[in-house]
Amino acid sequence: MTFAATVLTLYPEMFPGPLGVSLAGRALREGTWAMDAVQIRDFAIDRHKTVDDTPAGGGAGMVLRVDVLAKAIDHAREAHPGCPIIAMTPRGKPLTQERVRELAEGPGVIVLCGRFEGFDERIFEGREVEEVSVGDIVLSGGECAALMLLDACIRLLPGVMGAASSGHEESFENGLLEYPHYTRPAEWEGRTIPEVLRSGDHAKIAEWRKRRSEDDTRLRRPDLWERHIGVRVQSASGAQREVQDD
């Protein structure tokens, strides 16, 4: 089954963009996934192709019109009735690897990209649109965030990554940050690869990686660590301790 990615945007020329190269690009050419960038302006209801208007109650900027957005969404949903609709917005729920995996296991996704001051709020209930954020930042538009979302999904599709196990130990897959990696040369500017990684002892290597993953998560992302162990822990400043490279 081909994963169908539909992006509703005012700038369809931004797609597939970086998704057209490397592993995602090869998968696109091979038909593992399909890309359809739809111009929201095509669904405007006036001869000037107006997609936005001034905010109710006053204020700076413009807001994307709900009637235009609804027509664009209805068009995409008719073509892909089983795909969830996701709006990229800083007001949304933070995107997680768990949600990405759920999306990647489905038939595809319809992504709505905002511009200006954002969306008319009524679109979310009127069309059951899921609000998603890629971080506590504000972008010029939802297109860059959509690329991030799609890249995260596409790399999980069967056959896209070289080895089936490539993603199993990566950050967030098990609720922890991934352990650090090293490669040759063994010494660089006085810094050496930890001895355990050169020992050939697979059991010790696995234990070192597990410990580093846990330590780095606890120190760098105490929020993830709390969720991982299921209890409240100290803040990053209060939990710091030296991490030794065996």
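User: Contact means heavy atoms within 4.5 Å. Among contacts in the chain between residues at least 6 apart in sequence, what percentage join residues at least 24 apart?

Analyst: This is a predicted model, in which local features need pLDDT of at least 70 and side-chain atom pairs count only at pLDDT 80 or more, while totals for chains, interfaces and linings use all residues. Residues are numbered from 1 along each chain as its sequence is written, and side-chain values use heavy atoms, leaving out hydrogens and water. Among contacts between residues at least 6 apart in sequence, the share joining residues at least 24 apart is 73%.

User: How many helices and strands are in the chain?

Analyst: Helices (H or I, at least four residues) and strands (E, at least two) are DSSP runs, numbered from the N terminus. By this count the chain holds 8 helices and 9 strands.

User: How many bridges join strand S5 to S7, and which residue is the bridge partner of proline 94?

Analyst: Strand S5 (residues 85-94) runs parallel to S7, and 5 bridges join the two. Within this pairing, methionine 88 stands opposite valine 132. The bridge partner of proline 94 in S7 is serine 133.

User: Is serine 213 buried or exposed?

Analyst: Serine 213 belongs to helix H6 (residues 202-220). Not counting residues up to four places away in sequence, serine 213 touches Leu176, Leu177, Glu178 and Tyr179. Buried means under 20% relative accessible area, exposed over 50%, and partly exposed in between (1.4 Å probe, protein chains only). Because its relative accessibility is 7%, serine 213 counts as buried.

User: What percentage of the accessible surface of the chain belongs to carbon and sulfur atoms?

Analyst: Of the 246 residues of the chain, 39% count as buried. Accessible areas come from the Shrake-Rupley method with a 1.4 Å probe; for residues, only the protein chains shown count as cover. The accessible surface of the chain comes to about 14300 Å², and the part belonging to carbon and sulfur atoms is 50%.

Notes
Two strands pair if DSSP finds at least two bridges between them.
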